[in-house]
Amino acid sequence: MRVRSRIKITVAGVAVLAILGGLQLGARPAGAQPASGGTLTVIESTASYGNFPGLDPATDTSDAVDHDYMNAIYGELFRQGPKGNLPDLATGWKISKDLKTVDIFLRHGVKFTDGTPFNSQAVLFNLKRDLNPANGCICLPSFPVSSMSAPNPYEVTLKLTKPFAPIISAFIASAPNWIVSPTALAKEGEKQFALKPVGAGPFEVKSMVPSTSLVLTKNPNYWQKGAPKLNQIDFTVVGSDQSAYDALRAGQGQVYESFDTYSLIPNLKGVKLTPIIPSGTGASAVQLNTTVAPFNNIKAREAMYYATNPGPINKALYLGRATPTQSLRGPGELFYEPKVPGYRTYNLAKAKALVQQVGGINVTMPTLSSSTSLAEALIGEWSQAGIHVTFKPESFEDNNADYTSNNWQVKLAAGGGYDPGILLGLQFWYASHAPFTGIKDPKLDAMINEGVAVSSNQARAKVYGNIYKYISDQAYSPVLFFAPYYDLTVPGVSGTGLTTQGPEIFWDTVSLSGRKN
């Protein structure tokens, strides 16, 4: 599975608590002034962004973690800001009234770092390559493209097979958003290109040791005057949170991404903690396979709703920092609704009664290791209602095999994507044709299709409100909460989406004050 977005549902342990007690991280020297230049060291954990076997968008098989590297090397056709999509290497777009034709307008005068032109032919080459089914991009359902053309050197036209309103949002954090140099690819070949890719972004690759380190240097010919601000970015992978915090404490790094060890938050001293608006993962939920027993019976599904109490779990695992929701969406995402009319909330007596009516519920829940703590907390709650769940740890490969064979009863999932019509949105988990679904409901399929076939956000919001209520009425999937994660930065670091709240980091804006390298 290839998913290029921030996707991480973890509850880290408390083993590193002693390390951070009273810790003062990287204080800026007295009198230090902001300055351009310098080298920023970004520490990444293998549990979040640490796996990058290669950085060719069309062939990268890393799971959901490489978008930061890609954005820095290639730039983006479109960026996702806190309030929606923004142009970058594209200057704008136009979507026809019937939502079936998309014109993308490109920035003039841009060159790849090998000196070749960034133009519509290069973009067209990339889109055809990325959307080739042989490359297996999970983005394909979000790109219902029937044909594409380049009317002039700075315009690309996409013809769609159906109306698809969120087509621009579909680019964000997916292969088609990153444009490689066709010349460099042909010269180097796919294997070598993946190790030293060539794009038109703010930085270029100096060196790479796959899944270990990535050194990027400033692109001196970047299209935006005065950017990037840094001379170099060193991405360094470590094996654990403890190793990352040790490195920050020793002054060996200035940034750590996707922190979610909530128990440590009260102990952090001298470090900025910036919440990240979700771009890939929204609310966590309990996924029920309604095609097999016992959850082909709505009463069994209702029992799961009534036996689930997110509040205590939020307090115990997330220090109350998670945001409860009933709509499969998180705050900061389009069409987020914290309350859904008629949603079945915690009621232990009703849960017990329903369990008795269906003759008991005994199921197995395969779970990825990153979600173990959440799974165990839920199993503890469900047991109070007489629901017996056997915990089964599994790998990503086993998880995928479960869905392929329809050999599962209950799992943990996460509704995701800034727009619910794309990527890990509603169709990924709940449409009949989806690879990771436990629901076969033509009415729900039609509603999900309607959500991408109307243009105005007001009309779409109404459709998605109806979808949330229908899923709730059918008791298809108890929803939990959105658990935030954070970027950690030492004093002197600043940048859009890094030290300001945002769904993605704009690496061309990041600066480091008071240090010279």
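**Burial, ring pairs and contacts**

Mentor: Buried residues, those under 20% relative accessible area (1.4 Å probe, protein chains only; exposed is over 50%, partly exposed in between), make up 58% of the 517 residues in the protein. This is a predicted model, in which local features need pLDDT of at least 70 and side-chain atom pairs count only at pLDDT 80 or more, while totals for chains, interfaces and linings use all residues. Residues are numbered from 1 along each chain as its sequence is written, and side-chain values use heavy atoms, with hydrogens and water left out.

Trainee: How many helices and strands does the secondary structure of the protein come to?

Mentor: Helices (H or I, at least four residues) and strands (E, at least two) are DSSP runs, numbered from the N terminus. On that basis the protein has 15 helices and 23 strands.

Trainee: How many aromatic pairs are there?

Mentor: Rings of Phe, Tyr and Trp (its six-membered ring) pair if their centres lie within 6.5 Å; planes under 30 degrees apart count as stacked, over 60 as edge-to-face and the rest as tilted. By this rule the count is 18 aromatic pairs.

Trainee: Of what kind is the pair formed by Tyr-69 and Phe-235, and how many residues apart in sequence are the parts it ties together?

Mentor: The ring centres of Tyr-69 and Phe-235 are 4.9 Å apart and the planes stand at 80°, so the pair is edge-to-face. Both Tyr-69 and Phe-235 are buried. Because Tyr-69 lies in helix H2 (residues 67-74) and Phe-235 in strand S11 (residues 232-238), the pair ties together parts whose separation in sequence is 166 residues.

Trainee: Which residue has its charged end over the ring of Tyr-403?

Mentor: A charge sits over a ring if NZ of Lys or CZ of Arg is within 6 Å of the ring centre and within 35 degrees of the ring normal. The charged end of Arg-344 sits over the ring of Tyr-305, 5.9 Å from its centre. Over the ring of Tyr-403, 5.2 Å from its centre, sits the charged end of Lys-411.

Trainee: Where is Glu-76 found, is it buried or exposed, and which residues does it touch?

Mentor: Glu-76 is found in the loop between H2 and strand S3 (78-81). At 2% relative accessibility, Glu-76 counts as buried. Contact means heavy atoms within 4.5 Å; not counting residues up to four places away in sequence, Glu-76 touches Asn-71, Asp-88, Leu-89, Ala-90, Asn-177, Trp-178 and Glu-504.

Trainee: How far apart in space are Ser-395 and Thr-367, C-alpha to C-alpha?

Mentor: Ser-395 lies in the loop between strand S18 (387-394) and helix H12 (396-405). At 29% relative accessibility, Ser-395 counts as partly exposed. Ser-395 and Thr-367 are 28 residues apart in sequence, and their C-alpha to C-alpha distance in space is 8.2 Å.

Trainee: Among contacts in the protein between residues at least 6 apart in sequence, what percentage join residues at least 24 apart?

Mentor: The count takes in contacts between residues at least 6 apart in sequence. Of these, the share that joins residues at least 24 apart is 72%.
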